[in-house]
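Visitor: I am new to this structure. Could you show me how to read some of its backbone features?

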Amino acid sequence: MTEKKTVQFDDLLHFKFLSCPRLSPDGSLAVYQVAQADLEKDGYDTNLWLYDCGAGRSRQVTFANADKTARWTPDGKALVFTSKRDASLEKDATALYRLELGGGEARRLGVVPLPVNDLWPLPDGKILLSAVYTPEEPNPENAQYKVYTQIPFWQNGKNFTGQRRTALALWNPQSGELRRLTPDRMDVLDCTLSPGGGAALLVAEEYEKVKPLCSHVWRLDLESGAMDCLSEGLEYSFKTAGWSGGRVIVVASDMKRYGMNENALVFELKDKKLTCLTPDLDTSFHNSMVGDCRYGVETQYGLIDGDGLYYISTQGTSSQIHFNDLNGHDRSLTPGLLSADCFDARGGRVVVVGFRGLQLQELYAAGAGEEAQLTHHNDSFMAQFELSQPEHYTVDNGEGLTIDCWYMKPVGAEPGKKYPTIFDIHGGPKATYGALYLHEAQCWAALGYAVIFCNPRGGDGRGNEFADIRGFYGVKDYQDFNAMLDWAVAHFDFIDAERLGVTGGSYGGYMTNWMISHSGRFKCAASQRGICNWISFDGVSDIGWYFGTDQQGGSGPLTDPEGAWNASPLKYVGNVKTPTLFIHSAEDRRCPDEQAFQFYTALQVLGVETRLCYFLGENHELSRSGKPRSRLARLREITGWMDRFLKK
């Protein structure tokens, strides 16, 4: 029997990342994307695969390493997809290809001079596109500057956006004609094609200066271009809309009780009025499970098929595919999955990309209370490793509230021996940890670290009230973290309380900053893409103009600067004695780099040992979808910092 190995940092390069499953019109086939890191080009190769539901096998159908965004033609005989396989393409142009399932190579249909996000082939041969339009600003001097007349002016992962809008356009591959259908000021967030392909339901925002928190639902006639706002007069954040029979069904929130992170509900939209179909439902409509082994997964807020709504819901410590019959009945279809990442449904058949146990992503068929694994892209590679199993336990936070927690022992841990321990804090804060495979945690366990983590208040999976920490950042969550840490140190003999390190990203970076400015229990810290100053964050982040004030319970720079400053770790930086590593990215527009620079500078002035790793060409998604070399460097920097202070 071959002895199993331990996970190494660069095993990440061998993982297969699945996404975007699309069922054929008759449900017999499913196309999906498979991506893999490519160290040589420092990027990701993406190809299309086809699963045959009848034959029970999958096969690769494109090999250019640059193909994605596939949709079926209405007759189910071909796929249309986008590709960057042609190196001569202009930066913002997109080539579209058609692949006949009967055989032969993919045929290029043409080039659209815009970035294309999604596409829908229509019965008449035309293709509906979701594409990005950037207005041209006059610049007779050809000077190097940009003009902004709105907020936000940039977006994480997309950099400087200016007055850019995502629009719907109709493209004729035969003539090359491209016709924009939605108005210049409209930003399309979601689109659902009607069963016959003659109309679409849009969730969109229309604005000129300030991006609104509320959105609207529009019906678009694809032939005439006529648009009708179905939600006029309603102040809701709409997530998605679709047809069930003759009814328009929407997922939406009015944000009145719990702010911008309030869980949505399902409504029927008729005559510009909403009738709630799920008044007792208190759950998210997306996957908030923390993971670092995904690529290309799109956020989905629900899909209408037949007489019901399919959606991903994070409940407890996992995310599942649920079906709601719109009459008060709701059930999980995938109780064995820890994380349902993305899915498609057609005619009662459901396929889903997800994680089960410590497996990496695979394609599953969802059924009535169970799921069947369909693909095995990662099984053989992962079978060679000895992994550390995350073990679940619960802790009372001191107020009678149970907090979900996990520990991971070092691989090959010896009974009675104490080990250095890393406390890892998730982002969000409305995110959720579970027992699925986390590459960074498995690497640390392989190197002799215990790893502990938990889901404090502010996280997802337990309803609005649990997730609502507006105005109590650093209070409710800090109490939960300390309760977990105190309990773990007292009950787990493998944890060395004298060798504790802390790390986290985004909200986890904020709480890392908060923990070390309010506690001396950690020997070192790694603060990643975090916040230290709510006041300066407010006008710089791509979501800061509303997120900071909302999450601080109204304590924004314009309304309550003292309250915003009191919740800022930078106010308490004089208390910090913990050696701190900062990981930040130059193009992070979610938690901009000035946040790291401020805290780093203060610690340098105060004489606290510190180091700042500033990743060029990366953004807020560094740990999840950054360039492979950057992801590996980040892991080595954090681990090296922990080794330096915890393995003395």
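Guide: Keep in mind that this is a predicted model. Start with P152, which sits in the loop between β10 and β11 (154–155).

Visitor: What kind of peptide bond runs from I151 to P152, cis or trans?

Guide: In general, most peptide bonds are trans. The bond from I151 to P152 is cis, and its omega is near 0 degrees. Another cis peptide bond links G428 and P429, with omega about 5 degrees. P429 belongs to the loop between β33 (419–425) and α2 (439–446).

Visitor: What is the phi of C20, and where is C20 placed?

Guide: The general idea is that most residues other than glycine have a negative phi. C20 is not a glycine, yet its phi is positive, about 55 degrees. C20 is part of strand β1 (residues 17–23). L326, also not a glycine, has a positive phi of about 70 degrees. L326 lies in the loop between β25 (318–324) and β26 (330–332).

Visitor: Is L326 buried or exposed?

Guide: Buried means under 20% relative accessible area. L326 has 3%, so it counts as buried. C20 is buried because its relative accessibility is 10%.

Visitor: Which class does D124 fall into, buried or exposed?

Guide: Exposed means over 50%. D124 has a relative accessibility of 55%, so it counts as exposed. D124 is in the loop between β9 (116–121) and β10 (127–133).

Visitor: Which backbone nitrogen does the side chain of D124 reach?

Guide: The side chain of D124 reaches the backbone nitrogen of K126, at 3.0 Å. For the C-alpha atoms of D124 and G197, the separation is 9.3 Å, and these residues are 73 residues apart along the chain.

Notes: Residues are numbered from 1 along each chain as its sequence is written. This is a predicted model: local features need pLDDT of at least 70, side-chain atom pairs count only at pLDDT 80 or more; totals for chains, interfaces and linings use all residues. Side-chain values use heavy atoms; hydrogens and water are left out. Helices (H or I, at least four residues) and strands (E, at least two) are DSSP runs, numbered from the N terminus. Buried means under 20% relative accessible area, exposed over 50%, partly exposed in between (1.4 Å probe, protein chains only). A polar contact is a pair of N or O atoms within 3.5 Å; within protein, one must be able to donate a hydrogen and the other to accept it, and residues adjacent in sequence count only if both atoms are side-chain atoms.
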